[in-house]
2 protein chains.
Amino acid sequence: MTSLDTGVKIVRNVGRFTIGDGSVSGVADLVNSQRTKDSPNAVYLIDEFFENSRNVLDSLGMIAGDAKHFIKTANEPTTQGIDELVSTLHLSGHNHPATIVGIGGGITLDTAKAVANLLTNGGKAADYQGWDLVRVPGVHKIGVPTISGTGAEATRTCVMTNLETGLKLGMNSDYTVFDHIILDPGLTSTVPRNQYFYTGMDAYIHCIEALDGSYRNAIGDAYSRETVNLCRNIFLSSDMMTDARRSDLMVASYLGGCAIATSYVGIIHPFSAALSVVFGMHHCVANCVVLNAMSEFYPEAHSEFRKMIELQKVELPSGVCANLTDDLRQALIAATIKHEKPLTNALGTEFRATLTDARIISLFEKM
Amino acid sequence: MTSLDTGVKIVRNVGRFTIGDGSVSGVADLVNSQRTKDSPNAVYLIDEFFENSRNVLDSLGMIAGDAKHFIKTANEPTTQGIDELVSTLHLSGHNHPATIVGIGGGITLDTAKAVANLLTNGGKAADYQGWDLVRVPGVHKIGVPTISGTGAEATRTCVMTNLETGLKLGMNSDYTVFDHIILDPGLTSTVPRNQYFYTGMDAYIHCIEALDGSYRNAIGDAYSRETVNLCRNIFLSSDMMTDARRSDLMVASYLGGCAIATSYVGIIHPFSAALSVVFGMHHCVANCVVLNAMSEFYPEAHSEFRKMIELQKVELPSGVCANLTDDLRQALIAATIKHEKPLTNALGTEFRATLTDARIISLFEKM
């Protein structure tokens, strides 16, 4: 396959980043530097995982009048959930906060990005699902990832599902990019091992897909190569969660996020999206379940993935597509093939010649 | 040697970048988007190399009232030269331009950065040589590199020499970082081969030094590794100047520049700085001359460098330190050992136990 231009030309970077163990202690100063007489208060959106972590909560520099909300992570963000949170902030008088601090995984970071855009742009979250629909800059926002892999700290989107229409699409906008992110590997020491692995593999998988595709970009390729390189060092080591490995995975997540801006995914993400839409499976574990069944399309990555999963003693859900009904089969096929750009990236415009209905279902049945 | 923390914590990124062949055509729109009723005019600082390149000059969107200055590149920037240029802009009424566009190599890009800071901060260039002395943001600025390697498009400094005091030091400041850079590999197709090689090797050399040092940072290492990887692919290929290689070198230069923010150089840069200070040799060719004599300290990089230089049929100055006088010897030693941080990074605090006067001179005599 010849190499095609991704068509992506202008890329907005995260404004600044702070890096290093203990750097979360800088949140207080950062927030204070944004407080003004007119906007003295900040909004903190924090992964519910930290609800009882006094040492983390106490280090954030919260003062009287700041809003603090714990973000539930059982389900990925919905436009309805975002709208509710914005209403709550309006009711508590946080219409123009000094800054919004998002502390958590992809769900919490994406929520912070969406809320920041809505507070200045008005309207409903669903109004901005798409590309470059956000009209004015959002509230200043600070992202503090506490798990590594999705790259949400670096990207220009915030994935949300509209429960009414079923549309899963983010606010793709330069205004969605964080002004400041804090990369403190100390925050990831308490992540459960399975979750740490699944999430970390999101970076590995989207970069493997990008480097295997036909739409290419020199800087996207460079970010992807180093992300894959870091992931190999981490997940093929004896312990993926040492201090140095967690630090490296935080870097891989950020660089992998930077890669997303100028690249496309391949076959894994469309199948993974179908598992999320049809079975409500979370994005990162769904990616792993799919790659585990993709030896035909990604033989090297599959074999490397199997080594990683055995080395790190990670458990993977199995039999997720056992006992499919006809309706489920049709739903899975439809939810997979709608992702035309990634499938074209991997297989060309005639991707349905390869991915027939029968082939798609036989792949799902291996999961 | 154990790994030490670089101490660098907060890093400002370039605001946005545009990437791809032909992307220089986007300069006009970018500049126009910055023009306002109060500041309708832009300042263009252009490498003298393009003085007769009508196709480049015509693509930049210059309008009546814009200032255009061609930057001489025989000598690297001086604080006196920057001050003169700022005075000229004041005299022509360009006190508050809409944006400053720097188009050229490191000399031109650094000049644009320094001028942008001075127009808003007042005073003289020498007032801001140091760290975080710039008080307020500079004029909006756009960088368009036309040669790849120094990373000037990505860094928070702009190197200048004060001819009165001999001090060679930049304005190290978050405000020195470009708001937008344009990475168009089409612009590097006319670079003379020797110059292309010397400049590209700047990225390779500072990343090799960083990865060999004891002060380390996870993201600095990641940027450095991919920069070295790209440089190997480029300079160990049969032709370093194909379209794809020039595109890759532009990426390597940018990522190498990103690496500088969180890393330190080693032994090569101090020796190279001494060649620049004592003999006025340009930075990039001086780096190459030094690495060529550094087989004792960087055996692998030296051997790789020799392969590259032979493959690409590049000529390197030789005998640059033939017939040294005692005064020149003392000047070279002093100009080398003043770079304590890089030398400590490479050899530890007792670096003078290794780098005795006699050893330093014997290294220079190999150049």
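Colleague: What is the area buried between chain B and chain A?

Modeller: The area is about 2,600 Å², of which carbon and sulfur atoms give 57%. It is called buried because it is the accessible area (1.4 Å probe) that two parts lose on being put together, summed over both. This is a predicted model, in which local features need pLDDT of at least 70 and side-chain atom pairs count only at pLDDT 80 or more, while totals for chains, interfaces and linings use all residues. Residues are numbered from 1 along each chain as its sequence is written, chains are lettered from A and ligands numbered from 1 in the order in which they are written, and side-chain values use heavy atoms, with hydrogens and water left out.

Colleague: How many residues of chain B are in contact with chain A?

Modeller: There are 28 residues of chain B in contact with 28 residues of chain A, where contact means heavy atoms within 4.5 Å.

Colleague: Why is the pair A:Glu226 and B:Arg225 called a salt bridge?

Modeller: The closest N and O atoms of A:Glu226 and B:Arg225 are 2.7 Å apart. The rule asks for a side-chain nitrogen of Lys or Arg within 4 Å of a carboxyl oxygen of Asp or Glu, so the pair qualifies. A:Glu226 sits in helix α6 (residues 218-235) of chain A and B:Arg225 in helix α6 (residues 218-235) of chain B, and the pair thus crosses between chains. The structure as a whole has 34 salt bridges over all chains.

Colleague: How many salt bridges and polar contacts link chain B and chain A?

Modeller: Between chain B and chain A the count is 4 salt bridges. The interface also has 12 residue pairs in polar contact, both residues being at pLDDT 80 or more. A polar contact is a pair of N or O atoms within 3.5 Å; within protein, one must be able to donate a hydrogen and the other to accept it, and residues adjacent in sequence count only if both atoms are side-chain atoms.

Colleague: Which element gives the most to the side of chain B that touches chain A?

Modeller: Elements supplying at least two residues each are β2 (10-12), β3 (16-19), α6 and α7 (243-260) of chain B. Of these, α6(B) gives the most, with 8 residues. Such labels are DSSP runs numbered from the N terminus: helices (H or I) have at least four residues and strands (E) at least two.

Colleague: What makes two domains of chain A?

Modeller: The domain assignment gives domain 1 (16-188) and domain 2 (192-365), with bounds that come from an automatic or database assignment. Their centres, taken over C-alpha atoms, are separated by 26 Å. The contact takes 23 residues from domain 1 of chain A and 21 residues from domain 2 of chain A.

Colleague: What is found between domain 1 of chain A and domain 2 of chain A?

Modeller: The two domains bury about 1,800 Å² between them, 66% of it on carbon and sulfur atoms. The count of salt bridges between domain 1 of chain A and domain 2 of chain A is 0. Across this interface, 9 residue pairs are in polar contact. On the side of domain 1 that touches domain 2, β3 (16-19) and β10 (180-183) of chain A are the elements that give two or more residues.
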